[in-house]
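The paragraphs below go through the salt bridges of a predicted model. Keep the sequence and the coordinates at hand while reading.

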Amino acid sequence: MTPFAYIVSLPVRAYRVVLSPWIGMSCRYQPTCSAYSLEALEKHGAIKGTYLSVRRIMRCHPWGGSGIDNVPD
């Protein structure tokens, strides 16, 4: 992971430690949105990883899809 991608991933890591235990398991997709974001940042870097993460979060709503949604290669 590049240093910039690591910096961008810090809010996601903080969410997983601080907020996720309070909110509980409510993600419609597998892997969870936060795990997807970390993997996207690791595979694709800061810019494309952020784009993929935001796109995934925008699809995670009650009328959206569900199921397995892996990070594209």
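Arg59 has a relative accessible area of 28%, which makes the residue partly exposed (buried is under 20%, exposed over 50%, partly exposed in between, with a 1.4 Å probe and protein chains only). Its salt-bridge partner is Asp69, with 3.0 Å between the closest N and O atoms; a salt bridge here is a side-chain nitrogen of Lys or Arg within 4 Å of a carboxyl oxygen of Asp or Glu. Helices (H or I, at least four residues) and strands (E, at least two) are DSSP runs, numbered from the N terminus. Asp69 counts as buried, at 15% relative accessibility.

The structure has four salt bridges. Among them is the one between Asp73 and Lys43, whose closest N and O atoms are 3.3 Å apart. Asp73 sits in the segment after strand S2 (67-68) and Lys43 in helix H3, so this contact ties together parts 30 residues apart in sequence. Asp73 is exposed, at 82% relative accessibility, while Lys43 is partly exposed at 43%.

Lys43 also forms a salt bridge with Glu39, at 3.6 Å between the closest N and O atoms. Because Glu39 and Lys43 are four residues apart in helix H3 (residues 33-59), about one helical turn separates them. Glu39 is partly exposed, with a relative accessible area of 32%.

Residues are numbered from 1 along each chain as its sequence is written. Local features need pLDDT of at least 70, side-chain atom pairs count only at pLDDT 80 or more, and totals for chains, interfaces and linings use all residues, while side-chain values use heavy atoms, leaving out hydrogens and water.
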